[in-house]
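Me: Please take a close look at one part of this structure, the disulfide and the aromatic side chains, and describe it in a connected way.

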Amino acid sequence: QVRLVESGGGLVKAGGSLILSCAASGRIFSIRAMGWYRQGPGKQRELVATLTTTGSTDYADSVKGRITISRDNAKNTVYLQMNSLKPEDTAVYYCNFRAGTAPLLYDYWGQGTQVTVSS
């Protein structure tokens, strides 16, 4: 059974930094991309960053220049380095692994980790 476990969330002051980690346990075949999404209070879940197995990245405009996604393939772990955090970054952050072969793709999700940025 596949599980994604996030860690690293917490409370930080505006301007501070956090590193989120997401480790996958169990076998996931044909991973295509890893990513982070977030859901703020009263908002829909939105993309933060994605990283494909070929190394392509995509970032939400609101986080470009402040947030970096990376991975450790040997550990099946994806990271989110967040700098210059703002109160509007406050959200539950979810990691995502997308696997399979198009058109049959499957999304695995973590349980979420809370990030709170105080002003």
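Reply: A disulfide is taken here as a pair of cysteine sulfur atoms within 2.5 Å. By that criterion, a search of the whole structure finds one disulfide, formed by cysteine 22 and cysteine 95, whose sulfur atoms are 1.9 Å apart. This pair links distant parts of the chain, with cysteine 22 in strand 3 (residues 18–25) and cysteine 95 in strand 9 (residues 91–101), 73 residues apart; strands are DSSP runs of E, at least two residues long, numbered from the N terminus. The model is a predicted one, in which local features need pLDDT of at least 70 and side-chain atom pairs count only at pLDDT 80 or more, while totals for chains, interfaces and linings use all residues. Residues are numbered from 1 along each chain as its sequence is written, and side-chain values use heavy atoms, with hydrogens and water left out.

Cysteine 22 and cysteine 95 are both buried, where buried means under 20% relative accessible area, exposed over 50% and partly exposed in between, with a 1.4 Å probe and protein chains only.

Turning to the rings, the structure holds two aromatic pairs; rings of Phe, Tyr and Trp (its six-membered ring) pair if their centres lie within 6.5 Å, and planes over 60 degrees apart count as edge-to-face, under 30 as stacked and the rest as tilted. Tyrosine 37 and tryptophan 109 make an edge-to-face pair, 5.1 Å centre to centre with 65° between the planes, and this pair links strand 4 (residues 31–39), which holds tyrosine 37, to strand 10 (residues 104–109), which holds tryptophan 109, 72 residues apart.

Methods
Helices (H or I, at least four residues) and strands (E, at least two) are DSSP runs, numbered from the N terminus.
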